[in-house]
Amino acid sequence: MSRLAEIDSLEVVVIVDNEVDPMSPCMHPSVQASGGMRDISMKSTIHPENRGGANFELRMDNICCGAHGLSLMITAVQGEKRRTVLFDTGPEEDTWERNVRRLRPNLASIKLIQLSHWHRDHSGGMLRAIRMIHTAKGPSEDRVIVDVHPNRPDYRGIMATGPVSLEADPSFEEIKATGAILSRPNEPHTVLDDMFLISGEIPRVTPYETGFKRGIRFDSSKGTWKKDELILDERFLMCNLKGKGVVVFTGCSHAGAINASKHAMQFSEGSPLYCVVGGYHLADAEVSQIQETVRDFRKLGPKILIPGHCSGWRVKYEIEKKMPGCLVPSFVGSKFIL
Ligand SMILES: [Zn+2]
Ligand SMILES: [Zn+2]
């Protein structure tokens, strides 16, 4: 595998996330945040003569909508070079499209879509996202690469009193039918001029990060459900920010946010952990797991934590208490520059 290159800066646009809060300010001095009410209010111009001198209209349909899932548009900048990945695609096509129409990001710049793992709240918007990216690119530009784990379950689900199935993820055939370039690597690899690294399987080393409780998968050849709590197909995305350290993007952290962060350090070539962005999957965790996670984050020493999606409010509160100044909650519609 090639070395992960150092980059100068990172831009993250939160296209889908669970929470909407365009009012709370970002308090972290090292994070440039935008996308709040002030920016939203400048999106629609009106004729000032008709509205007593008002040049802008704060339109409610310019505010993004929250949904249970995650989709981040991430641009790595190295000198004049910019490379953009779409990390996950949210739970459903309409949500992704609606928020993109409100945010108006440059979809044509997306060269690769990475799916963090096979769960519908991350894959549900994928097919329409690919088509919209291709439309934005036009026929002359390269088709988007879709990077997924090769072991796609027929269905995933949760064992309650009986099995509860999730919707199926997009199939390999459906992805190929969009014209996208399907890539199914199992091992860690760098992409887009080595400006990003996509991990392989994340080793489970902490005793308290034990996976997705009651997770199951359906095997259609046998017609049966089996236990699948480890979600071994989960991968993270990472970058190395020059002079700052490693930024880890985690979809749902079924492997554990600490396990992912620790594994990322094995590719960092001595750079420290700088920031962890995404779902920490602690919304429904035991109090002890939340405390142990924040205790171990303190040991790893990141300067910024950007929990979103399935992290839940309790870990944000614990971070703010135990690591004051580190927390930047992820809200849909935000843009962060690191
Ligand atoms: Zn998941
Ligand atoms: Zn999720």
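User: What covers the buried residues of H4?

Analyst: The model is predicted. The cover over the buried side of H4 comes from both helices and strands. Included are strand E5 (81-87), H2, strand E6 (110-114), helix H3 (120-123), strand E7 (145-147) and helix H5 (172-177).

User: Which residues of H4 are buried, and why do they lie on the same side of the helix?

Analyst: The buried residues are Met126, Leu127, Ala129, Ile130, Ile133 and His134. Around the axis they cover an arc of only 160 degrees, so they sit on the same side of H4.

User: How far does H4 reach from its first C-alpha to its last?

Analyst: H4 has twelve residues. At 1.5 Å a residue, 16 Å is expected. The model comes close to that, with a reach of 16 Å.

User: At what angle do the axes of H2 and H4 cross, and is the crossing left-handed or right-handed?

Analyst: H2 spans residues 93-103 and H4 spans residues 126-137. Their axes come within 8 Å and cross at roughly 35 degrees. The crossing is right-handed.

User: Why does isoleucine 133 count as buried, and which residues is it in contact with, leaving aside neighbours within four places in sequence?

Analyst: Isoleucine 133 belongs to helix H4. It has 23 other C-beta atoms within 10 Å, and 20 or more make a residue buried, so isoleucine 133 is buried. Leaving aside neighbours within four places in sequence, its contacts are Leu107, Ile110 and Val144.

User: Is arginine 156 buried or exposed, and which residues is it in contact with beyond four places in sequence?

Analyst: Arginine 156 is found in strand E8 (residues 155-159). Its 24 C-beta neighbours inside 10 Å mean that arginine 156 counts as buried. Setting aside neighbours within four places in sequence, arginine 156 is in contact with Trp118, His119, Leu166, Arg217 and Asp228.

User: What distance separates the C-alpha atoms of arginine 156 and aspartate 169?

Analyst: Along the chain, arginine 156 and aspartate 169 are 13 residues apart. Between their C-alpha atoms the separation is 8.7 Å.

User: Why is H6 largely enclosed, and what covers its buried residues?

Analyst: H6 is largely enclosed by the rest of the structure because seven of its nine residues are buried. These are Ala257, Ile258, Asn259, Ala260, Ser261, His263 and Ala264. The cover includes strand E15 (237-241), strand E16 (245-250), E17 and H7.

User: Which residues of H8 are buried, and what do they pack against?

Analyst: In helix H8 (residues 313-322), the buried residues are Val315, Lys316 and Ile319. Their arc around the axis is only 105 degrees, so they share the same side of H8. The face turned away from that side carries the exposed Trp313 and Lys321. The buried residues pack against helix H7 (287-300) and strand E18 (304-308).

User: Where does leucine 192 lie, and what is its phi?

Analyst: Leucine 192 lies in the loop between strand E11 (189-191) and strand E12 (196-198). With 16 other C-beta atoms within 10 Å, leucine 192 is partly exposed. Although leucine 192 is not a glycine, its phi is positive, about 50 degrees.

User: Is glutamate 269 buried or exposed?

Analyst: Glutamate 269 lies in the loop between helix H6 (257-265) and strand E17 (273-279). Its phi is near 50 degrees, a positive value in a residue other than glycine. Since glutamate 269 has 11 C-beta neighbours inside 10 Å, it counts as exposed.

User: How many Å apart are serine 288 and tyrosine 208, C-alpha to C-alpha?

Analyst: Serine 288 lies in helix H7. Serine 288 is exposed, because it has 9 other C-beta atoms within 10 Å. In sequence serine 288 and tyrosine 208 are 80 residues apart; in space, C-alpha to C-alpha, the distance is 8.6 Å.

How values were computed
Residues numbered from 1 in each chain as written. Chains lettered and ligands numbered in written order. Predicted model: local features only at pLDDT ≥ 70, side-chain atom pairs only at ≥ 80, totals over all residues. Axes fitted to C-alpha atoms, helices over the stretch in contact; angles between N-to-C directions. Helix = DSSP H or I, 4+ residues; strand = E, 2+ residues; numbered from the N terminus. Left-handed = near helix turned anticlockwise from the far one by under 90°. Expected span 1.5 Å × (residues − 1). Buried ≥ 20, exposed ≤ 12 C-beta atoms within 10 Å, placed from the backbone. Arc of directions from axis to C-beta. Contact = placed C-beta atoms within 7 Å.
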